[in-house]
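Hello,

Here is the structure I promised to pass on. Have a look at it first, and then read my notes below.

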Amino acid sequence: MPLIRIKSLPFAGDVEVNVALGILSQAIADATQIPQQHIMIVWEYIPAGHFVHGGQLANQQPSNSHPVLVDMVAPNFNTEAQIAAMLELIASSLSRTLPIAQNNIFINYTPAYSDGVYDDGHVVEWES
């Protein structure tokens with residue numbers, strides 16, 4: 001774990017989201033010492049015309065409006081500093097590898113609790 005879910009409008013032109021996700025996964029593994037087998041990242045597109053921000057409807061992902069929406073689920077034993085570092089890492093990696101301004105990324109952290117995650121065939125338990 002962590003599980004990172006990203007949503008955006010479709011990009012104009014050819015954008016290699018798959019490459020950006022690979023770079024992000026490696027960056028998280030390097031920074032946290034979490035093996036990549038425990039890092040999950042998924043990107044979904046919001047259908048054109050289904051995202052209003054600031055009262056404006058958009059059909060494609062702008063660089064500076066209609067933020068890319070990111071949800072990160074990670075164990076609750078992480079410190080505030082570790083969570084903040086992961087949030088910053090996600091934002092900086094995405095803005096470096098995709099046509100998105102770093103200040104146009106919204107990330108929400110949700111803590112996962114021991115005995116509250118099912119993974120690898122069983123309920124996961126950790127010491128907090």
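Which residue in S6 is the bridge partner of Leu69? In this predicted model, that partner is Phe106. The two strands, S5 (residues 68–75) and S6 (residues 105–112), run parallel and are joined by eight bridges. Between S5 and S6 the chain passes through helix H2 (residues 80–97), and this β-α-β crossover is right-handed.

I also looked at the length of H2. Its 18 residues should span 26 Å at 1.5 Å a residue, and the C-alpha atoms at its ends are 26 Å apart, so the two values agree.

Next, the packing around that helix. The buried residues of H2 include Ile83, Met86, Leu89, Ile90 and Leu94. Serines are on the list too, namely Ser92, Ser93 and Ser95. The buried part of H2 packs against S5 and S6, and also against strand S1 (3–8), helix H1 (17–32) and strand S2 (40–45).

Setting aside neighbours within four places in sequence, Ile90 is in contact with Ile4, Leu24, Ile28, Val70, Met72 and Ile107.

Finally, the core. The largest nonpolar core holds 26 residues, and Ile90 is among those with the most contacts inside it, along with Ile6, Trp43, Val70, Leu94 and Ile105. S1, H1, S5, H2 and S6 each give two or more residues to this core, and H1 gives the most, with seven. As a general point, nonpolar side chains in soluble globular proteins tend to be buried together.

Happy browsing, and best wishes

Terms used:
Residues are numbered from 1 along each chain as its sequence is written. This is a predicted model: local features need pLDDT of at least 70, side-chain atom pairs count only at pLDDT 80 or more; totals for chains, interfaces and linings use all residues. Side-chain values use heavy atoms; hydrogens and water are left out. Two strands pair if DSSP finds at least two bridges between them. Helices (H or I, at least four residues) and strands (E, at least two) are DSSP runs, numbered from the N terminus. A crossover is right-handed if, with the strands pointing away from the viewer, the path from the first strand over the helix to the second runs clockwise. The expected span of a helix is 1.5 Å times one less than its number of residues. Buried means under 20% relative accessible area, exposed over 50%, partly exposed in between (1.4 Å probe, protein chains only). Contact means heavy atoms within 4.5 Å. A nonpolar core is a set of buried Ala, Val, Leu, Ile, Met, Phe, Trp, Tyr and Cys residues joined through side-chain atoms within 4.5 Å.
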